[in-house]
Amino acid sequence: MGVEQKLGNMGVVTTTLENVVNWSRTNAMWPMLFGLACCAIEMMAAQASDYDMSRFGMELMRASPRQSDLMIVAGRVSKKMGPVLRRLYDQMPEPKWVIAMGDCASCGGVFNNYAIYQGVDEVVPVDVYVAGCPPRPEALIHGVLTVYEKVKGEKFKDLAAK
Amino acid sequence: MNKNLEPVVKTIQDKFGAGCEEFRDEVHLFVKPEQIVEALTLLRDEQGFELLSAYTAVDYYPSETPRFHLIYQLTSLVKNLSVQVRVAVNGSSPKVPTVTGVYASANWREREIFDMFGIEFEGHPDPRRILMPEDHVGHPLRKDFPLGYEEPQFTFNFDEIDLRKPYVKE
């Protein structure tokens, strides 16, 4: 199946460097642990054996921002947590992506008040928003695959311009 | 009123001319702001109310006299009694003497009341905010503090509101 059939016995494949790099990025994406509230439970479930996110190349949640390239903000971000979140985001090496998981991280959810950021996009730039309160693991996996689609379409010149 | 509480109430009434209200067997004593330290000292040392079990405030906006009530809920573990002392304060930036000298646990409670209601405590050893960030403007539990800052977007005003949403710049 797949690449073996197409290649036959040649053992050589021609493609662009961009494709190879983007493909490898999607298959070794290490998300950073950022469970802030109940969404974190669904994030754990997405990693655990029933849903098994490692099928998509996400074996590891990293506790250190310096080793990760995807930040899953799982939960509401309070005004005091905002600067911490931004600092961790700044410590992640480029290129990096952010998923706002759940309603609270996306738009404040039910917490339209003085203590909570009305969407984590006020603190860090967000690539994908996952709706739900909390989203089911399937929804999170769909969000991650949506990030993959975005990564596969990235161009070197855009990354270099950053 | 619990009959064991009656002598306590009488002492405070005689000494400070305190008002007294009762609601479902809960006794509220009203004293003046300048009397509160003396009243709590007396209750602690002579009446056995060794525990400040709750310390909070209420905002009666738009009423200005009084605007706030400070509420000191005292418990006596020895006598198995509970009494509430209230201080009514006027105006939107009131100052009240601190009671940290009487009950050490009042320290963080007073910081919280200052943070949430903007009542200043004169002589407080550490008068900083405790819950909100240092640079926060306003006092969130006041009735005139706005409830939320997010404007709901509908199809007809989506773009207009989107323009002034505080998105981060990379």
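**Entry 1: a helix on the sheet.** I began with helix H1 (residues 6-16) of chain B, which lies across E1, strand E2 (26-31) and E5 of chain B and runs at about 15° to E2(B). I took helices (H or I, at least four residues) and strands (E, at least two) as DSSP runs, numbered from the N terminus. Contact requires C-beta atoms, placed from the backbone, within 7 Å. Axes are lines fitted to C-alpha atoms, for helices over the stretch in contact, and angles run from 0 to 180 degrees between N-to-C directions.

**Entry 2: basis.** I noted that this is a predicted model, in which local features need pLDDT of at least 70 and side-chain atom pairs count only at pLDDT 80 or more, while totals for chains, interfaces and linings use all residues. Residues are numbered from 1 along each chain as its sequence is written, and chains are lettered from A and ligands numbered from 1 in the order in which they are written.

**Entry 3: the sheet.** I found an open sheet of five strands in chain B, with the order E1-E2-E5-E4-E3 and mixed pairing. Its edge strands, E1 (19-23) and E3 (51-59) of chain B, each pair on one side only. The twist averages 25° from one strand to the next. Two strands pair if DSSP finds at least two bridges between them. Strands E4 (residues 68-76) and E5 (residues 81-89) of chain B run antiparallel and are joined by nine bridges. There, Gln73(B) stands opposite Gln84(B) in E5(B).

**Entry 4: another helix.** I then looked up helix H3 (residues 106-117) of chain B, which lies across E3 and E4 of chain B at about 10° to E3(B).

**Entry 5: confidence.** I read pLDDT as the predictor's confidence in each residue, from 0 to 100. Chain B averages 89, and chain A has a mean of 86.

How values were computed: Two residues are in contact if their C-beta atoms, placed from the backbone, lie within 7 Å.
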